Amino acid sequence: MFNIILFGPPGSGKGTQSEKLIAAYGLIHLSTGDLLRSEIAKQTSLGIEAKIIMDKGQLVPDAVVVGMISSALDANPQAGGFLFDGFPRTVAQSEALDTLLSLKNTEIGVVLALDVSEEELVKRLLNRGLTSGRSDDNTESVVRARITEYHAKTSVVARYYGQFNKVVHVKGEGSVAEIFTLLCSEIDKRLS
Ligand code: B4P
C-alpha cells in the first residue's frame, strides 16, 4: 500500500491535482474539505457546526476530522493506497493519522508539498469564489484568514513529517499539467 499526503496552503491546487493523481495511481481520495462540504449539503448537525467555522476561515476541531478520516479508512478495506487531500492540517491530526495507519500496518509514503505565493493563492480562491458557490471563497478577508490559519497551525505539519524525511517540495505555480508531471515524477521515484 502506498499512501500520499498532498500538502499546501488553501488554493495551492490540492483538490485539482488530487483528481488527476487518483486516476493515474488508483488511489482512494480522502479530502476532509469534500467530506465536510458533503455534511453541510446534507445539513447534518456536524455540517451546520462546521459551516460556521469554515465561513470564518478557521479549522474545524481535530476530533471531528480525525473521526471522519477514521471512518473513511475503515470503509475502504481493499484500498491499494490513499491520497490524503487537505488532511492532516495540524500536528495533532498528523499524529492521529500515523496511529490510524499503523493499526492497518501501513504508513505515509511521501508528503508532496505544493509551494505557491500568497498573492497567487488569494487570486485563485477569489476567482473560484465567482463560480463555486463556496461561501469561504467569497471575501478577501476570509481567504486571508484561511492563509493566516495555515501559517499558524498547518505549515508545522511539513516540519513534523520532515523529521522522518518524507517531505518533497514541488513548485505549485505553472500549468495544471506541468505541476501534475512534477508530482508524478516524485511518486514514481518512490514506487520504483
Ligand atoms: P479544502 O477543501 O481542503 O480546500 P482548499 O484548501 O481551499 O483548496 P485546495 O488547495 O484544494 O485548492 P484547489 O485545488 O481547489 O478546505 C476548505 C476548508 O475546510 C478549510 O478552510 C477548513 O475550514 C476546512 N477543513 C478542511 N480540512 C480540514 C482539516 N483537516 N482540519 C480542519 N479543518 C479542515 O484550487 C483552488 C483554485 O485554484 C481552483 O479554482 C483551481 O481551479 C485553481 N487552480 C488549481 N491549480 C491551478 C494552477 N496550476 N494554476 C491556476 N489556477 C489553479
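Leaving aside neighbours within four places in sequence, Asp136 is in contact (heavy atoms within 4.5 Å) with Met54, Asp55, Val142, Val143 and Arg146. The model is predicted, so local features need pLDDT of at least 70 and side-chain atom pairs pLDDT 80 or more, while totals for chains, interfaces and linings use all residues. Residues are numbered from 1 along each chain as its sequence is written, and side-chain values use heavy atoms, without hydrogens or water.

**Asp136**
- Asp136 sits in the loop between helix 6 and helix 7 (DSSP runs numbered from the N terminus: helices H or I, at least four residues; strands E, at least two).
- Its relative accessibility is 8%, so Asp136 counts as buried (under 20% relative accessible area; exposed is over 50%, partly exposed in between; 1.4 Å probe, protein chains only).
- The side chains of Asp136 and Arg134 form a polar contact of 3.1 Å (N or O atoms within 3.5 Å, one able to donate a hydrogen and the other to accept it; sequence-adjacent residues count only if both atoms are side-chain atoms).

**Asn3**
- Asn3 belongs to strand 1, which spans residues 3–7.
- Asn3 is buried because its relative accessible area is 0%.
- At 3.0 Å, the Asn3 side chain reaches the backbone nitrogen of Phe82.
- A polar contact of 2.9 Å links the side chains of Asn3 and Thr106.
- Beyond four places in sequence, the contacts of Asn3 include Gly81, Phe84, Leu101, Glu107 and Val110.

**Gly172**
- Gly172 occupies the loop between strand 5 (167–171) and helix 9 (176–191).
- Gly172 counts as buried because its relative accessibility is 0%.
- Its C-alpha atom is 21 Å from that of Tyr160, 12 residues away along the chain.
- Beyond four places in sequence, Gly172 is in contact with Ser12, Leu114, Asp115, Val116, Arg124 and Ile179.

- Beyond four places in sequence, Phe84 is in contact with Asn3, Ile4, Ile5, Leu6, Leu30, Ile69, Leu73, Leu97, Leu101 and Ile108.

**Pocket and cavity**
- The largest pocket has a volume of about 820 Å³.
- Its lining counts 41 residues, and Lys14, Arg89, Arg128, Arg134 and Arg146 lie nearest its centre.
- Among the elements giving at least two residues each to this lining are helix 1 (14–25), strand 2 (28–31), helix 6 (118–132) and helix 7 (140–154).
- The whole structure holds one cavity of 30 Å³ or more.
- The largest cavity has a volume of about 50 Å³.
- Residues lining the largest cavity include Ile5, Leu6, Phe7, Lys14, Phe87, Arg89 and Thr154.
- Strand 1 contributes the most to that lining, with three residues.
- On a 1 Å grid over the protein atoms alone, a 1.4 Å probe fits in a cavity but cannot get out; a pocket is an open set with protein on both sides within 12 Å along at least five of seven lines; lining residues have an atom within 4 Å of a point.
- Points join across faces, edges and corners, and volume is the space filled by probe spheres set on them.
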